[in-house]
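Here is a short briefing to read beside the structure.

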Amino acid sequence: MVIGGLQKQSFIDWEGKTTAVIFTRGCNFRCGFCHNPSLVLPKLYNRAENISPEDVLDFVSTRKNWLDGVVITGGEPTLHADLPDFIASLKEIGLSVKLDTNGSNPSMLQSLITAQLIDYVAMDIKTKFEPDAYAAITACTDSQLVDHIVQSLCILRNSGIDYMLRTTIVPGFHTNEDIRMLQKQFVGERYVLQEYREGETVEIYR
């Protein structure tokens, strides 16, 4: 695991729970509105020291009686092949785990669910499920990207675990028609529209 940050206590990253938040480094997307450029862009995160997984595990083990769980976010956590082993260590401590993901790695998501390693998933739906639209917002040219996103969505729908879907509405990119289409598509599911926030973003470093 390549860990770039640890928030020792949060009341907002998992509704109704007090958590620690672990930030992994590296992402296969380059969304201009992303507020974590230091976790996404190698030219930024290569300048900083990583936090060792052992140090993170040692910390949360001392706080397990005060924490309801741990949130693993990024970057994109599912890019890390050793993510299952790391989460297994968290579960051994006795902590529930929420995963934030962009949905681009359905095989990893399925393996985590099958192994009963995660308790909750928040998956980003960047835009409508059209290759050109996804490529435009993520700068990811993987021809199978939308197929992977849809596979991850199907996995969550059939998983039996709690999940939420969320879209950050980017001015000048998402049209009112796009928003209505997405809301209609996810009727009956927990789907949240997030407001775009100004600040230090990936776009600044392009």
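**The largest pocket**

The lining residues of the largest pocket comprise 15 nonpolar, 11 polar and 11 charged. The model is predicted. The space in this pocket comes to about 1,100 Å³.

- The lining has 37 residues, and T73, D100, D124, R166 and Q194 are the closest of them to the pocket centre.
- Two or more lining residues come from each of strand 4 (96–101), strand 5 (120–124), strand 6 (162–169) and strand 7 (191–195).
- Strand 6 is the top contributor, giving four residues to the lining.
- Rolling a probe the size of a water molecule over the atoms shows where empty space is left.

**Helix 3 against helix 4**

- Helix 3 spans residues 53–62 and helix 4 spans residues 83–93; they pack at an angle of about 20°, and their axes lie 10 Å apart.
- Angles under 35 degrees count as roughly parallel, and helix 3 and helix 4 are therefore roughly parallel to each other.
- The crossing of helix 3 past helix 4 is right-handed.
- From helix 3, the contact uses P53, V56, L57, V60 and S61; from helix 4, it uses F86, S89, L90 and I93.
- Seven residues of this helix 3 and helix 4 contact are nonpolar, two are polar and none is charged.

**Helix 6 against helix 7**

- Helix 6 covers residues 131–138 and helix 7 covers residues 145–157. Their packing angle is about 95°, with 9 Å between the axes.
- Helix 6 is therefore roughly perpendicular to helix 7, as angles of 65 to 115 degrees are classed that way.
- P131, Y134 and T138 of helix 6 meet L145, V146 and I149 of helix 7 in this contact.
- The contact residues of helix 6 with helix 7 include five nonpolar and one polar, with no charged residue.
- Two packed helices are described by the angle between their axes and the distance between the axes.

**Backbone features**

- Most residues other than glycine have a negative phi, and most peptide bonds are trans.
- G74 and G75 are joined by a cis peptide bond, with omega of about 10°.
- G75 sits in the loop between strand 3 (69–73) and helix 4.
- Q116 is not a glycine, yet its phi is positive, at about 55°.
- Q116 lies in the loop between helix 5 (106–114) and strand 5.

Technical notes:
Residues are numbered from 1 along each chain as its sequence is written. This is a predicted model: local features need pLDDT of at least 70, side-chain atom pairs count only at pLDDT 80 or more; totals for chains, interfaces and linings use all residues. Side-chain values use heavy atoms; hydrogens and water are left out. Axes are lines fitted to C-alpha atoms, for helices over the stretch in contact, and angles run from 0 to 180 degrees between N-to-C directions. Angles under 35 degrees count as roughly parallel, over 145 as roughly antiparallel, 65 to 115 as roughly perpendicular and the rest as oblique. A crossing is left-handed if the near helix is turned anticlockwise from the far one by less than a right angle, and right-handed if clockwise. Contact means heavy atoms within 4.5 Å. Ala, Val, Leu, Ile, Met, Phe, Trp, Tyr, Cys and Pro count as nonpolar, Asp, Glu, Lys and Arg as charged, and the others, Gly among them, as polar. On a 1 Å grid over the protein atoms alone, a cavity is a set of points where a 1.4 Å probe fits but cannot get out, and a pocket is an open set with protein on both sides within 12 Å along at least five of seven lines; lining residues have an atom within 4 Å of a point. Grid points are joined across faces, edges and corners, and a volume is the space filled by probe spheres set on the points.
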